[in-house]
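Could you walk me through this protein, residue by residue, where its parts come together? Let's take it one site at a time.

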Amino acid sequence: MAVPFPDIPWLQGFDKPCRFEGEVRNLIVHGEVPKQLDGTFFRVMPDPHISPSYHENGIHYIPFDGDGNVSAFRVKDGHVDFRQQYVKTERLVKEREARQSLWGRYQNPYTSHPCVRAAIESTANTNVVYYHGNLLALKEYTLPYSLDPVTLETRGYWDFDGQISSRSFTAHPKVDPKTQELVCWGTQAKGPGTTDCCYFALGPDGKKTEECWFQNPFCGFLHDAGVSEDYVALMLVPMRVDIEKMKKGGLHYYYDHDLDLHWGLVPRRGSDATKVRWFTWKNSFPTHTANAYQEVGPDGEVEKVFVETVLAQGNVLPFFPEENRKDNSPTISNIKIQLVRFCFDLKAEVPTDGTYQRLSDPEVLLDLPCEFPRIDDRFTGQKQRFIFCATAHVTGEPNSLSLVGSAGLNSYTMVDLSLGKVEHCLFRPNSLVQEPCFAPRSKDASEGDGFLIGLVNRLDTMLTEMVVIDTKNFSKPVAVVEVGLRLRQGLHGNWVEASEME
Ligand SMILES: [Fe+2]
């Protein structure tokens with residue numbers, strides 16, 4: 001018998017698991033969905049299919065846990081059709097058979113039922129990326145699950161026909177629009193607790209083009225990166241992994257206030273681990289990157305790499321334990337979160353005392369709490385003009401996120417870096433936004449000319465709406481589409497043109 005979900009904030013109210021699988025044709029549209037849009041907006045949410053009740057020391061649920069439930073909004077001729085399916089991971093299949101939870105604490109197999117400790121850990125709940133005829137459902141400590149991009153049926157756990165030697169695959173691979181490569185990496189690449197890291201790339205034909213193995217300075221949280229034409233800048237957040245703590249029932253991560261933020265700059269060509277260059281900055285937490293690009297000197301050498309990212313001045317994931325906390329360490333209610341640009345100076349001298357090169361303070365691009373930065377993906381790796389993100393406008397209070405995740409993110413923002421102009425699309429009270437993505441008006445439209453697509457959770461009606469915003473008139477959506485369901489806070493998603501999937 002399926003028992004009720006426990007009475008904890010992440011699993012009640014709007015975030016009570018949705019658990020819906022199926023199809024709704026012809027979603028009701030208010031306004032007009034632009035006829036130029038012909039493609040699919042894919043997104044995924046962690047959506048526990050059953051109460052996470054298995055753990056001998058009691059329930060400890062965090063919002064990144066839960067089975068990946070993939071939504072697809074097919075947009076064509078001004079109509080929107082909706083489909084949603086769980087990824088049929090080994091975990092979901094085994095727990096459905098058992099009709100009970102078998103997995104324990106987040107990313108800690110030592111706390112799972114003995115019969116599943118050797119099973120694939122993936123919930124496939126973090127991102128969905130289209131690649132070479134497959135929709136990849138990603139969770140960063142395992143390889144992807146491949147889905148049929150039309151039906152969303154699960155094809156299976158996929159190692160790219162044996163080409164991937166890393167045991168893990170990032171949830172944030174980037175597509176280089178010039179080479180059409182999928183630029184990837186695996187962290188804890190030889191298993192949980194290992195410092196092994198693997199950079200690799202896959203060509204548009206499905207074949208691996210690059211692979212480089214190296215060691216991270218410590219075993220930590222390596223979630224996202226910036227990708228320029230010649231480098232991958234991996235961000236190693238000061239969240240440590242300690243296998244001994246996990247064996248005792250602890251969580252996978254703990255935030256260490258005494259540890260610096262580290263960045264690993266990995267050349268995209270070649271496999272020489274000694275070419276990986278590490279940089280540090282003060283203890284802080286970059287969450288997601290918008291983009292990266294590089295500057296080349298007169299001799300053709302890359303002199304600088306720039307990475308634009310959301311940056312929090314401390315731990316933004318308070319559900320993970322902390323160590324070495326200081327009296328003045330920020331809390332989740334007063335933490336500073338900004339959109340910034342780091343500069344990696346490759347011509348500066350490398351320290352000879354065994355320490356890493358120190359980064360200068362980053363330039364602030366947007367001084368407003370924000371998350372989920374996106375760009376016009378046709379400009380990945382190039383110096384781009386626009387950044388879109390979800391932002392928090394807190395009336396009458398200092399700009400701070402009151403809670404992690406969607407709480408507080410109530411608007412979409414477009415930053416024009418060329419003109420220094422910022423525009424917002426604010427929603428009515430009791431609305432929270434999910435990650436947006438950008439769809440160009442046409443194949444050859446200029447950068448940023450197109451539409452921002454995202455989901456808005458209406459806490460008053462307990463329903464989700466899909467909104468489409470024309471970037472030429474950013475303040476108000478041109479279409480509000482009734483999903484007719486409550487879609488709890490998702491993680492990531494992408495717009496895929498129909499022509500790309502043909
Ligand atoms: Fe992410």
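Let's start with Gln188 and its surroundings. Leaving aside neighbours within four places in sequence, Gln188 is in contact (heavy atoms within 4.5 Å) with Tyr141, Ser168, Gly193, Thr194, Asp196, Cys219, Gly220, Val241, His252 and Tyr253. This is a predicted model, in which local features need pLDDT of at least 70 and side-chain atom pairs count only at pLDDT 80 or more, while totals for chains, interfaces and linings use all residues. Residues are numbered from 1 along each chain as its sequence is written, and side-chain values use heavy atoms, with hydrogens and water left out.

Gln188 is found in the loop between strand S11 (182–187) and strand S12 (196–202); strands are DSSP runs of E, at least two residues, numbered from the N terminus. Gln188 counts as buried because its relative accessibility is 4%, where buried means under 20% relative accessible area (1.4 Å probe, protein chains only). A polar atom of its side chain lies 2.8 Å from the backbone nitrogen of Gly193.

Two strands pair if DSSP finds at least two bridges between them; S12 and S13 are joined by seven, in the antiparallel sense. Tyr199 stands opposite Cys212 in S13.

Two of the contacts of Gln188, Tyr141 and Tyr253, also form an aromatic pair, 6.2 Å centre to centre with 50° between the planes, which is tilted. Rings of Phe, Tyr and Trp (its six-membered ring) pair if their centres lie within 6.5 Å; planes under 30 degrees apart count as stacked, over 60 as edge-to-face and the rest as tilted. Tyr141 lies in the loop between strands S7 (134–138) and S8 (145–147) and Tyr253 in strand S17 (residues 253–256), so the pair ties together parts that are 112 residues apart in sequence. Both tyrosines are buried, and they belong to one aromatic cluster whose members include Trp10, Phe64 and Tyr106.

Now to the metal. The protein donors of the iron ion (N, O and S atoms within 2.8 Å of the metal) are His172, His223, His288 and His492, each through NE2, at 2.0 to 2.2 Å. His223 lies in the loop between strands S14 (220–221) and S15 (225–227) and His288 in strand S20 (residues 285–296), so this pair ties together parts 65 residues apart in sequence. His223 is buried at 9%, and His288 is buried at 9%.

Notes. Helix = DSSP H or I, 4+ residues; strand = E, 2+ residues; numbered from the N terminus. Buried < 20%, exposed > 50% of the residue type's maximum accessible area, 1.4 Å probe, protein only. Polar contact = N/O pair within 3.5 Å; in protein donor to acceptor, adjacent residues only side chain to side chain. Donors = N, O, S within 2.8 Å, 3.2 Å for Na, K, Ca; no water.
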